[in-house]
Amino acid sequence: IYQLLKITIMAHNLNYNERTGKYSFFSVQQKAWHNLGQIVEQYPTSAGAIKYAGLDFEVVKSPLYTRGTGISISNDGEIREGGNILLPDNFATMRTDTNTVFGVVGKDYQIVQNADAFAFFDAIVGGDDGILYETAGALGNGERIFITAKLPDYIRVGNGDDVTEKYIFLTTSHDGTGSITAAFTPVRIVCQNTLNAALGNMSNVVRIRHTSGAKQRLENAHKVMGLANQLSVQLEGIFNQWTKVRICDEEVKKLIQLALCPNKETLDALKKGADDELSTVFKNTVEDAFAYAMMADTQQLNTTKGTVFGAYNAVTGYYQNVRTYKDDESKLQSIVMGGTAQGKAQRAFELCSQFAKDGADVLALN
């Protein structure tokens with residue numbers, strides 16, 4: 001998913017700053033996008049990351065005017081030809097280092113500076129010594145920025161061969177389009193599965209509109225992400241428990257059917273055993289996910305083969321490694337940003353939790 005994040009956020013042109021002669025992007029050790037931007041060997045601090053990424057500029061709201069036509073009379077009776085007329089409650093957002101205009105916004109639009117976004121990351125772990133900035137940069141004229149950072153600890157399943165890194169991803173824009181969006185996303189290194197589990201009722205995606213109080217809400221959002229990070233310790237215990245709970249192939253298929261079930265009509269057909277009432281799309285999806293569960297190399301590990309943990313990864317692995325998407329941005333939306341795949345993964349998590357507690361009865365369709 002880390003590679004997906006990098007591909008998606010850089011699917012369009014990186015910002016080229018003519019003032020500095022550099023592209024607004026940096027990456028740690030990994031080859032930079034199309035050989036553009038800066039590669040650094042060590043994880044930088046916030047101050048270093050914001051400079052390497054070319055994000056060390058401020059954004060301001062500037063009043064907007066339009067050119068008048070004909071003759072006008074001012075409030076004091078002065079006759080004027082043409083002249084500039086102020087557009088009330090309308091402003092242009094612009095970066096102060098190049099005077100590049102990003103977009104037009106209203107009076108309630110609140111700017112969240114790039115430095116505020118980095119402060120959000122540092123607050124999650126209590127300072128910039130713990131957060132590991134992987135990539136950051138700007139697109140277009142600098143109106144859209146993105147940051148990915150790795151948290152300092154991991155989720156370890158089994159004997160430590162199956163390791164999950166934990167990332168925070170943030171993107172925002174300065175042109176009046178889109179909200180500030182931050183996502184917590186664990187990633188399995190061994191097979192690149194996404195493990196977006198339901199951490200209680202905690203959401204792993206935070207969206208903040210650029211309205212009054214946006215900066216304060218971003219400052220508070222770090223508590224949500226920090227709590228999600230703390231709850232991942234509990235998640236490690238749950239996953240390790242699942243590796244010890246056995247599940248047969250038939251039960252895996254039933255779990256996949258229930259996790260991927262799109263609606264009540266499909267569920268009713270499953271309960272009746274009416275295979276002819278199931279859509280071809282649904283049946284093909286289930287077969288593809290089940291084939292992944294049975295045959296993928298990463299499903300043959302001691303932690304996954306014939307275990308509830310493996311059944312869960314059959315669902316997340318299908319969406320990450322098998323399912324086709326229109327483009328990388330659609331895949332990112334589905335898996336990380338609260339889309340279909342994340343919803344199905346949460347359902348699979350709930351089913352696996354129930355199976356580990358109550359046994360196969362939770363999968364009964366009749």
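1. Leaving out neighbours within four places in sequence, S173 is in contact (heavy atoms within 4.5 Å) with Y109, E143, R144, G178 and H210. S173 itself belongs to strand β12, which covers residues 162-173, strands being DSSP runs of E with at least two residues and helices DSSP runs of H or I with at least four, both numbered from the N terminus. With a relative accessible area of 7%, S173 is buried; the classes used here are buried for under 20% relative accessible area, exposed for over 50%, and partly exposed in between, computed with a 1.4 Å probe on protein chains only.

2. On the basis of these remarks: this is a predicted model, in which local features need pLDDT of at least 70 and side-chain atom pairs count only at pLDDT 80 or more, whereas totals for chains, interfaces and linings use all residues. Residues are numbered from 1 along each chain as its sequence is written, and side-chain values use heavy atoms, with hydrogens and water left out.

3. R156 is found in strand β11, residues 144-157, and is partly exposed at a relative accessible area of 41%. Not counting residues up to four places away in sequence, R156 touches D162, E236 and N240. F239 is 83 residues from R156 in sequence, with a C-alpha to C-alpha distance of 8.7 Å.

4. The structure holds nine salt bridges, a salt bridge being a side-chain nitrogen of Lys or Arg within 4 Å of a carboxyl oxygen of Asp or Glu. One of them joins the side chains of K107 and D108, with an N to O distance of 3.4 Å, and K107 is partly exposed, its relative accessible area being 48%. Another links K272 to E277 at 3.2 Å, N to O; here K272 counts as exposed at 57% relative accessibility, whereas E277, at 48%, counts as partly exposed.

5. A further salt bridge is formed by R347 and E350, whose closest N and O atoms are 3.7 Å apart. Because the two residues stand three apart in helix α10 (residues 340-358), R347 and E350 are separated by about one helical turn. R347 is partly exposed, with a relative accessible area of 31%, and E350 is likewise partly exposed, with a relative accessible area of 31%.
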